[in-house]
Amino acid sequence: MHEHIAAVPLDKAFRLLNHGPTILVSARHDGVDDVMAASWACALDFDPPKLTIVLDKIARTRDLVEQSGCFVIQVPTVAQLELTYQVGHRSLHTAPDKLVRSGVELFGIDGQALPFVAGCSAWLACRLIPEPHNQQTYDLFIAEVVGAWADTRVFRDGHWHFERADPALRSLHYIAGGRFYAIGEALDADTHTQG
């Protein structure tokens, strides 16, 4: 089932988010798992790799992140459009069966006590770097990436290959009101000219 998943060197982990996809955030604490969609995630640093993410106070996933100190960022695919929309619009607070109703399948990766969402194209295991002021005032969380993996059908050798992969593996980019775009064609600049 997960034969296409391979580790990504941590010095290349930032590339998994650099194209600005909508992401899924999953977390676990005290036997409770949750997954939510988010759009405001950004690579922050290379060594060690870090990222930022905005998690609203109303999200149950945020509670789990704050209590456990760790979470997973994953890049959902076009094939997961409905799943992504549903986990972004259902709350575990009011829908205890949210994950089942949204079609979420979780799996584990050796050495990680975290819930990973099956079917994504990339996964980043993160350790929270507590910044209480930023978290409370701006809902801004900072984390160190401690492990990274990708689907080799679309990410290998440190680069995305959307243009050669099944279109169902393209990343989603949320706009508003249920509207997403899939990543488009590859365009290459002339890297041999200098200004």
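**Entry 1: strand pairing**

I looked up E6 and strand E9 (residues 122-129) and found them paired in the antiparallel sense over six bridges. For my notes, two strands pair if DSSP finds at least two bridges between them. Helices (H or I, at least four residues) and strands (E, at least two) are DSSP runs, numbered from the N terminus. Across this pairing, phenylalanine 71 stands opposite cysteine 126 in E9.

I then checked E2, which pairs with E6 in the antiparallel sense over three bridges. Here serine 26 has valine 72 in E6 as its bridge partner.

I use buried for under 20% relative accessible area, exposed for over 50%, and partly exposed for in between (1.4 Å probe, protein chains only).

**A note on the model**

This is a predicted model, in which local features need pLDDT of at least 70 and side-chain atom pairs count only at pLDDT 80 or more, while totals for chains, interfaces and linings use all residues. Residues are numbered from 1 along each chain as its sequence is written, and side-chain values use heavy atoms, with hydrogens and water left out.

Most residues other than glycine have a negative phi, and most peptide bonds are trans. I went looking for exceptions.

Aspartate 30 has a positive phi of about 50 degrees. I found aspartate 30 in the loop between strand E2 (23-29) and strand E3 (32-38), and at 71% relative accessibility it counts as exposed.

Aspartate 157 has a positive phi too, near 55 degrees. Its loop runs between strand E11 (155-156) and strand E12 (159-160).

Which peptide bond is cis? I found the one from aspartate 47 to proline 48, with omega near 0 degrees. Proline 48 sits in the loop between strand E4 (41-46) and strand E5 (49-54).

**Entry 2: salt bridges**

I took a salt bridge as a side-chain nitrogen of Lys or Arg within 4 Å of a carboxyl oxygen of Asp or Glu, and the count comes to eleven.

Aspartate 45 joins lysine 50, with the closest N and O atoms 3.2 Å apart. Lysine 50 is buried at 18%, whereas aspartate 45 is partly exposed at 31%.

In helix H1, arginine 62 and glutamate 66 are four residues apart, which means about one helical turn between them. They form a salt bridge at 3.4 Å. Arginine 62 is buried, at 2% relative accessibility. Salt bridges that share partners join Lys57, Arg62, Glu66 and Asp139 into one network.
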